[in-house]
Amino acid sequence: MKDKKLEIELDQCVQERKEIFGVTSALVVEYPGTRSGSRLCNYKLTFYEPDQKEKKKETRGYREMRRSRGKFVPPIAHGALRDELIILAGAEMSASDVVHTLRNFADQIEEHGLWIGKYRDDYIVETTDRALTVG
């Protein structure tokens, strides 16, 4: 399956499943990247369709669109990610693979922005200068 905007081809195991799971070493990086740690963890990611109304309310895209319109933005749930980035590398990824992948991904974000969720029927992309694009 290809993401039409960025032409990213997802690994077959991800594109055909609604969830992925396993055990890996999770790297947790807190913004701005000066503090990090790594721990062994179980993981289970469940993928939702972008139209899941209740789920999309928890995304940055939904929250930022409400904030930009002067509407109430509920607090982030206790225990949810706030300003952390968690990297789950597959068992076949080397340190070099992770660095290469993260650099390429950062280049894509700088060029096209980052898809951060959905608001109503619109997809929200945020650029590195924090501008929001609705489309």
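**Entry 1: helix α3**

Which elements do the buried residues of α3 pack against? I started there and got α2 (53–56), β6 (114–119), β7 (122–126) and β8 (132–134). Before going on, I noted that this is a predicted model, where local features need pLDDT of at least 70 and side-chain atom pairs count only at pLDDT 80 or more, while totals for chains, interfaces and linings use all residues. Residues are numbered from 1 along each chain as its sequence is written, and side-chain values use heavy atoms, with hydrogens and water left out.

For the element names I rely on DSSP runs, numbered from the N terminus: helices are H or I over at least four residues, strands are E over at least two. Helix α3 covers residues 60–68, and its buried residues are G61, Y62, R63, E64, M65 and R66. "Buried" here means under 20% relative accessible area, "exposed" means over 50%, and "partly exposed" is in between (1.4 Å probe, protein chains only). Just after the helix, I found G70 with a positive phi of about 75°.

**Entry 2: the core**

Which residues make up the largest nonpolar core? I listed five: Y62, M65, I116, Y119 and I124. Both α3 and β6 supply at least two residues each to this core. The term covers buried Ala, Val, Leu, Ile, Met, Phe, Trp, Tyr and Cys residues joined through side-chain atoms within 4.5 Å. My background note: in soluble globular proteins, nonpolar side chains tend to be buried together.

I then looked up what Y62 touches, leaving aside neighbours within four places in sequence. Y62 is in contact (heavy atoms within 4.5 Å) with K56, K57, K118 and Y119.

**Entry 3: aromatic rings**

How many aromatic pairs does the structure hold? I count two. In the pair of Y62 and Y119, the ring centres are 5.3 Å apart and the planes are at 50°, so I put the pair down as tilted. Y62 sits in helix α3 and Y119 in strand β6, 57 residues apart, so this pair links distant parts of the chain. Y62 and Y119 are both buried.

The other pair is W115 with Y123: centres 6.1 Å apart, planes at 45°, so tilted again. For the record, rings of Phe, Tyr and Trp (its six-membered ring) pair if their centres lie within 6.5 Å; planes under 30 degrees apart are stacked, over 60 edge-to-face, and the rest tilted. W115 is partly exposed at 47% relative accessibility, and Y123 is partly exposed at 35%.

I also noted that the charged end of K118 sits over the Y123 ring, 4.9 Å from its centre. The test is NZ of Lys or CZ of Arg within 6 Å of the ring centre and within 35 degrees of the ring normal.

**Entry 4: strands**

What is the strand order in the open sheet of three strands? I read it as β4-β3-β5, with antiparallel pairing. β4 (35–46) and β5 (84–88) stand at the edges, and each has a single partner strand, so one side of each is left without a neighbour in the sheet. Strands pair if DSSP finds at least two bridges between them. Strand β3 (residues 19–30) and β4 have twelve bridges in the antiparallel sense, and I traced T24 to its bridge partner C41 in β4.

β6 and β7 are also antiparallel, over five bridges, and W115 has V125 in β7 as its bridge partner.

Most residues other than glycine have a negative phi, and most peptide bonds are trans. I went looking for exceptions. The peptide bond from Y31 to P32 is cis, with omega near 10°, and P32 lies in the loop between β3 and β4. R120 is not a glycine, yet has a positive phi of about 55°; I placed R120 in the hairpin of β6 and β7, which has two residues between the strands. R130, not a glycine either, has a positive phi of about 75°. R130 lies in the loop between β7 and β8 and is exposed, at 59% relative accessible area.

**Entry 5: L132**

Beyond its neighbours within four places in sequence, L132 is in contact with E64, M65, I116, I124, V125 and E126. For L132 and I116, I noted 16 residues apart in sequence and 9.4 Å in space, C-alpha to C-alpha.
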